[in-house]
Amino acid sequence: MTLKDKGFYKGMNLGGWMSQCDYSEERLNGFITEKDFETIASWGFDHVRIPVDYNVLCTEEGEISAKGISRIQNALENCGEYGLRAVLDLHKTAGFSFDQNEGESGFFENEKYQEQFYRIWEALAGHFGAMSGSVAFELLNEVTEKEYLPAWKRISSECIRRIRLAAPDSLILLGSYHHNNVGAVPDLDSPQDKNVIYNFHCYDPIRFTHQGAHWMPELIDRTGFSYEESGASEAYFEELFAPAIRKAEEEGTALYCGEYGVIDQVPPETALKWFRALHAVFEKHQIARSVWSFREMDFGIADARWDGLRKELLTLL
């Protein structure tokens, strides 16, 4: 199975718009505009991944927000205007965030938090399930600890069951633990149906892609790693992805890399070497993907640092 024919093959993340932000009206209304959708389409992408936090979609009382749903509707209308499809990614849910600094906890043990998670997805499926050819659903961004896996399997299974009541044909992207690490894909159960896709993120080797990251104490003072020192290569990614590729083939499903990229601490000409090696493996195995991220967020493809090499980068992405 491949996602290329379904139009979810070459994607761009819209990080920092409805997630990982201050949630101000200025941010939500202006960080990404219609012009950006036009630009992304002109660059040759076929879809966008839209990370959304639960507090954009829910009121303070935990009910589904009509304003939040309207924001998603407007984004999807912009996608349609420029021939783009969309992955709706629940980036943070009540009681869980991939970022411990968010202070969210208890999701995997708390039935109230889980029920809110189900209600969010029931609402999204109800509103956008009829758009199965152009809208896919990513259940949750980056489950962290392996100890959460048994609960996550149960929760995701129930969530998919509920989504299917309103959206029987929509693509659903399902990731594993260790921040959606590709090495954890084989630990996932068999897909519940033919439209459940295995999802992973790739920032390997992390000491290269995240060198100098201000949110990672172990790397904040570690900069200057060259591509050659990182150990990355086509052979490296082949070996890294092999178990996940085998698992997907055995289960008759596809692989989707929902995030990958190189921090802006790395010179573009150096980062380009990493992208070239990774994309050679993506193309060889027809792995769909969405690069992180369009603007800012420490990884921006639209940022000025890429002005001299963006055309070359886009031939890879």
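I looked up Glu 122 and found it partly exposed at 33% relative accessibility (buried is under 20% relative accessible area, exposed over 50%, partly exposed in between, with a 1.4 Å probe and protein chains only). I'm working on a predicted model, where local features need pLDDT of at least 70, side-chain atom pairs count only at pLDDT 80 or more, and totals for chains, interfaces and linings use all residues. Residues are numbered from 1 along each chain as its sequence is written, and side-chain values use heavy atoms, with hydrogens and water left out.

Next I checked what Glu 122 pairs with. Its side chain meets that of Arg 162 in a salt bridge, 3.5 Å from N to O (a side-chain nitrogen of Lys or Arg within 4 Å of a carboxyl oxygen of Asp or Glu). That pair links distant parts of the chain, with Arg 162 in helix α6 and Glu 122 in helix α5 (residues 111-128), 40 residues apart. Helices here are DSSP runs of H or I, at least four residues, numbered from the N terminus.

I then turned to Arg 162, which is buried at 16%. Arg 162 also forms a salt bridge with Glu 158, at 2.8 Å between the closest N and O atoms. Shared partners join Glu 115, Glu 122, Glu 158, Arg 161 and Arg 162 into one network.

Last, I stayed in helix α6 (residues 149-166) for Ser 156. Ser 156 is buried, at 4%. Beyond its neighbours within four places in sequence, I found Ser 156 in contact (heavy atoms within 4.5 Å) with Leu 139, Leu 174 and Gln 192. Its side chain reaches the backbone oxygen of Trp 152 at 2.8 Å.

Conventions:
Helices (H or I, at least four residues) and strands (E, at least two) are DSSP runs, numbered from the N terminus. A polar contact is a pair of N or O atoms within 3.5 Å; within protein, one must be able to donate a hydrogen and the other to accept it, and residues adjacent in sequence count only if both atoms are side-chain atoms.
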